[in-house]
Amino acid sequence: MFGKLDLYIIRKFLGTFFFAIILIISITIIFDFSEKIDNFIDKEAPFKAVILDYYVNFIPYFANLFSALFTFISVIYFTSKMAYDTEIIAILSSGVSFRRMMFPYFISALIIGVFSFFLSNFVIPPANAKRLEFTDTYLKKRFVNKERNIHRQIEPGLFIYMTNFETSSKTGYKFSLEKFEGKQLVSKLTSRSIKWNKEKEKWTIKDYFIRNIDGEKESFEHGRTKDTTFSFGPEEFGSKKYIVEAMNLPQLNAYIEQQAMRGDSNIEAYKIEKYKRMANPFSTFILTLIGVSLASRKIRGGMGLHLGIGLLLSFSFILFMQISIVFATNGSMNPLLAVWLPNIVFSIIAVYLYRIAPK
């Protein structure tokens with residue numbers, strides 16, 4: 001059952017958390033707008049698009065990106081204030097154990113963690129699609145695919161090749177497609193170029209030649225142009241980072257399976273994106289436990305020292321996360337271990353601090 005103490009701590013926790021997010025995001029938007037206003041004017045970005053397509057979609061992305069940090073700072077701040085107002089001493093003196101006092105903290109962390117999980121997996125991906133499209137149009141140069149001699153397995157037994165693919169015109173050059181049944185080649189298509197037709201949502205192949213093999217029989221087809229469909233689109237050759245950031249969890253799972261079948265060299269990065277969406281909400285509980293264990297004790301230096309220690313630990317957590325991700329991206333560490341390793345290490349720190357915290 002929730003008591004007055006539980007509701008009091010939950011209200012302080014969530015109130016401080018959302019106030020900190022609103023404050024930081026407001027400051028960030030002001031600085032971001034002042035930095036990018038020249039680009040908005042030069043590229044003649046519509047004011048409506050700046051607000052609705054960029055900043056409205058920027059807010060949930062930024063809030064979720066640093067939700068664990070905001071959680072930690074919020075816990076440190078209001079718990080330290082309670083400690084120096086002797087509220088913690090009064091709570092423990094009334095017969096409430098330190099363990100029981102953690103209950104409303106974890107309820108609040110659960111609310112934030114579920115909120116973060118829902119945002120990162122279902123709300124932020126479609127918002128990212130609009131934000132990144134706006135960024136490509138008005139803030140950055142369009143992505144250029146510099147990959148050469150592209151070989152891909154599109155589906156089992158179906159392979160494509162092209163010398164290069166221009167993302168601006170959505171055109172591939174010296175294209176070929178080979179279909180195998182087992183180890184036997186049954187069809188091969190070659191063409192001078194292949195171009196995506198957005199209106200028809202089909203590929204247009206030019207100067208094509210098709211060779212079909214049926215045992216000892218062969219048939220041939222050739223022509224100038226032909227509209228056809230393949231099991232891949234032009235996004236296959238765009239920026240993969242943008243693609244995965246704009247996918248919800250079911251889409252990301254399906255995409256990882258598809259790219260693993262195709263032998264994509266960036267598969268580790270996609271897995272890292274998936275595991276981060278799971279691990280980041282869980283870190284809310286760890287940082288909450290560390291924050292309460294640190295800030296519930298009165299020490300010399302007051303609230304400022306608590307905040308200093310809290311910031312040091314939180315930035316250490318973020319740095320640790322980035323380092324482990326670099327190792328995973330370079331292929332020297334398992335992606336699942338790389339993403340969860342900071343949580344594992346800081347869980348040990350959290351348990352230790354909890355055990356020595358004042359009872």
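**Salt bridges in a predicted model**

Let's start with one pair. Lys 36 and Asp 32 sit four residues apart in helix 1 (residues 4–42), so about one helical turn separates them. Helices here are DSSP runs of H or I, at least four residues; strands are runs of E, at least two; both are numbered from the N terminus.

Some ground rules. This is a predicted model, where local features need pLDDT of at least 70, side-chain atom pairs count only at pLDDT 80 or more, and totals for chains, interfaces and linings use all residues. Residues are numbered from 1 along each chain as its sequence is written, and side-chain values use heavy atoms, leaving out hydrogens and water.

Back to our pair. What do the side chains of Lys 36 and Asp 32 form? A salt bridge, 2.6 Å from N to O. That term means a side-chain nitrogen of Lys or Arg within 4 Å of a carboxyl oxygen of Asp or Glu. Lys 36 is buried, at 16% relative accessibility. Asp 32 is buried too, at 9%. The cut-offs: buried is under 20% relative accessible area, exposed is over 50%, partly exposed is in between (1.4 Å probe, protein chains only).

Now the strands. Arg 192 forms a salt bridge with Asp 207, with the closest N and O atoms 2.6 Å apart. Arg 192 is in strand 4 (residues 184–197) and Asp 207 is in strand 5 (residues 202–214). Asp 207 also meets Arg 224 in a salt bridge, at 3.0 Å. Arg 224 lies in strand 6 (residues 217–228), so this pair ties together parts 17 residues apart in sequence. Shared partners join Arg 192, Asp 207 and Arg 224 into one network. Arg 224 is exposed, at 62%.
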